[in-house]
Amino acid sequence: MAVLVLDGDGTVVRCTAAATALTGLSARELRGRPMTDLAADPGAWTGPLDGAAGELRELRTALLRRDGPAVAADVVVVPLPAGGRERFLVAAAAAAEHEAENLALVSALFDQEHIGLVLYGPDLLTRQGNLRPGLHGSSPGRSTSPPPGLGLADLLVPQDAAAIEERLARVLETGEPLNGWEHSARRLAAPGEERVLPLSAFRLRDPHGRVLGVAAVFTSITEQHAAQRRLALLYAAATRLGRTLDVTRNAEELVGVLVPAFADLASVDLSDAVSQGREAGRFVPGTVLRRTAVASADGTWPADAYQRGETVRAREVRARTSARAGPSSPPT
């Protein structure tokens, strides 16, 4: 409990050592300083320091600190007998209401195995957080805390880092929270590994409205996302394939389903027998196939690959796969 004694003008006459701990100012710096200079909201002291009131006053306010953010405090102002220089006794303590619950909640969030929590400053550089395996750039099998001062570009591939940073900057600027926004978050250490995170974020402010940064909460839904893509792919295949008996048209539909949803390049090679509607026959290494359909994500088929219409001889692996599919099934 910090205790300060004020004169009739509300100026500090003397104080206890606890007052210096609460405000970050020495006793010498506190003496002679108006109490309103120590308050984040000076107007809150108008009533309690009214000498005519003559009664005990209680208030919840915030006291400024020289070496950090303001401290919420429970304050009691006790009028002293008239006739002397010392007119008010002020007892103040850091507000403790719900403090244990708040600390327990924050600790539990940081300890979660499948929920990521990172706090960013106004510059969108990390301040603290938890990085569980597979989340937000952490290495598999190891849980770490992000070193302070890292940006998203230090952890994620440039495209993903820029997209996520743009959303966090919007939250920081407007105060409008982000809720469950899904985006790719591929790590610099493994840029080819797909990772999808649903991200929620909200702005952090101190009791006086000063923006402290933004908190980002996320989980990993990469497996669920991949499963949804597979289901979508199967649905697309079911609705697009088999609508015609034209084998060539079905081959074109198949590569259209695969690219770009599943692959960057896809081709279908068929034997002449299948192309003419006959049984595929037995496949062995060296079986002649014809490249019937091709598709590429950028619309350009590689010049160093077999082109549509060219003949391809089945390799041993292709022959074994086709044989297992059965003599009446088209080759894969």
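I looked up R170 in this predicted model and found R170 partly exposed, at 41% relative accessibility. R170 forms a salt bridge with E166, the closest N and O atoms being 3.6 Å apart. I noted that both residues lie in helix α4, four residues apart, about one turn of the helix. E166 is also partly exposed, because its relative accessible area of 48% falls between the limits of 20% and 50%.

I then searched the whole structure for salt bridges and recorded ten. One of them joins E86 to R14, with the closest N and O atoms 2.8 Å apart. This pair links distant parts of the chain, 72 residues apart: E86 is in the loop between β4 and β5, and R14 is in strand β2. I also recorded a network of salt bridges linking R249, E252, E253 and R308.

Next I traced the open sheet of five strands, whose order is β7-β6-β10-β9-β8 with antiparallel pairing. β7 and β8 stand at the edges, each with a single partner strand, so one side of each has no neighbour in the sheet. Neighbouring strands are turned by 25° against each other on average, direction ignored. Helix α4 packs on this sheet, touching β6, β8, β9 and β10, and its direction makes about 165° with that of β8. Between β6 and β7 I counted four bridges; Y120 has T126 as its bridge partner in β7.

Last, I checked helix α6, residues 247–258: its twelve residues should span 16 Å at 1.5 Å a residue, and the end C-alpha atoms are 17 Å apart, which agrees. I listed its buried residues as N250, A251, E253, V255 and V257.

Key. Residues are numbered from 1 along each chain as its sequence is written. This is a predicted model: local features need pLDDT of at least 70, side-chain atom pairs count only at pLDDT 80 or more; totals for chains, interfaces and linings use all residues. Side-chain values use heavy atoms; hydrogens and water are left out. Helices (H or I, at least four residues) and strands (E, at least two) are DSSP runs, numbered from the N terminus. The expected span of a helix is 1.5 Å times one less than its number of residues. Buried means under 20% relative accessible area, exposed over 50%, partly exposed in between (1.4 Å probe, protein chains only). Two strands pair if DSSP finds at least two bridges between them. Axes are lines fitted to C-alpha atoms, for helices over the stretch in contact, and angles run from 0 to 180 degrees between N-to-C directions. Contact means heavy atoms within 4.5 Å. A salt bridge is a side-chain nitrogen of Lys or Arg within 4 Å of a carboxyl oxygen of Asp or Glu.
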